[in-house]
Amino acid sequence: MTGRQDVVMRLKGETERATAGEAGGGGGGGGAAARRPKRDREATRRRILDAARDLFGEHGYDGVTVRMIAARSEANMALVNRYFGSKAALFGEVLAGESVLREVIAGDPAGLPRRLAEHFVRQTDRRGGTPMSRMLDRSAGHPEVKEILLHHLEDVIVEPLVAQLDGPDARARALLASTIIMGGGPVRRLLGLNDLRAADPAELTDRLTAMFTAALAPTTPGR
């Protein structure tokens, strides 16, 4: 057996042992026992995601290894790789799971600017930041994270916004609104948000609603 084959067989054995452990040690066969593996897989997957979110927020992308995530979630390393494929894919899945923007964007198109403004103000008021903001603050400069953020911007913000818009240049208008949404990150990291937190939330929401309304409005013909 070659060295490569030995590694493959060893990883396969670790995964099988981990899966057997999730199933509760085998035996029994009845309906409850048959359902247990699925429940355990879902619970383990959730533990891995929660551990990864916390570790990425604490240490940033570069400071976290799959081994650390496995240890924090009390899961087998082979199982982490089996469920998510790579650290980058796991980061992307955590990011997608933490974002609420898709739900904010969905709904009545007429109320979209106000919903975006209210979301922005809620995020600003979160002392200590959100799990996602902490992840991004500590990870945004990594090349793999940049690629993940590009897909996140398209899938979670730009495309859902485009789907809500009528008229010409929908993508350009969605991108303009996205600059307002995503621009809060660099401001938070470089300047802090104390001045925005000190502002009247209702006035801040009104101002942001006007900004989002202008960004998302169809271009006036002839201008």
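The model is predicted. The mean pLDDT over the chain is 79, and 74% of the residues reach at least 70. Residues 7–36 have a pLDDT below 50, and in the model this stretch makes 23 contacts beyond near neighbours in sequence. Where pLDDT is low, the predicted coordinates should not be read in detail.

Begin the packing with helix α3, residues 66–73, and helix α4, residues 77–84, whose axes are 9 Å apart at an angle of about 105 degrees. Angles from 65 to 115 degrees count as roughly perpendicular, so α3 is roughly perpendicular to α4. On the α3 side the contact uses V66, R67 and A70, and on the α4 side M77, V80 and N81. By class, the residues of this contact of α3 with α4 are four nonpolar, one polar and one charged.

The crossing of α5 past α9 is right-handed. From α5 the contact takes A88, F91, G92, L95 and A96, which face E144, V145, I148, L149 and H152 of α9. Seven of the residues in the contact of α5 with α9 are nonpolar, two are polar and one is charged.

The α7 residues involved are L112, P113, R114, L116, A117, E118, F120 and V121. Their partners in α12 are P201, L204, T205, D206, L208, T209, F212, T213 and L216. The contact of α7 with α12 divides into 11 nonpolar, three polar and three charged residues.

Two of the α7 residues in that contact, R114 and E118, also pair with each other. Which interaction joins the side chains of E118 and R114? They meet in a salt bridge, with an N to O distance of 3.7 Å; the cut-off for such a pair is 4 Å. Both residues belong to helix α7 and are four residues apart, about one turn of the helix. Over the whole structure, the search finds nine salt bridges.

How values were computed
Residues are numbered from 1 along each chain as its sequence is written. This is a predicted model: local features need pLDDT of at least 70, side-chain atom pairs count only at pLDDT 80 or more; totals for chains, interfaces and linings use all residues. Side-chain values use heavy atoms; hydrogens and water are left out. Contact means heavy atoms within 4.5 Å. Ala, Val, Leu, Ile, Met, Phe, Trp, Tyr, Cys and Pro count as nonpolar, Asp, Glu, Lys and Arg as charged, and the others, Gly among them, as polar. pLDDT is the predictor's confidence in each residue, from 0 to 100. A crossing is left-handed if the near helix is turned anticlockwise from the far one by less than a right angle, and right-handed if clockwise. Axes are lines fitted to C-alpha atoms, for helices over the stretch in contact, and angles run from 0 to 180 degrees between N-to-C directions. Angles under 35 degrees count as roughly parallel, over 145 as roughly antiparallel, 65 to 115 as roughly perpendicular and the rest as oblique.
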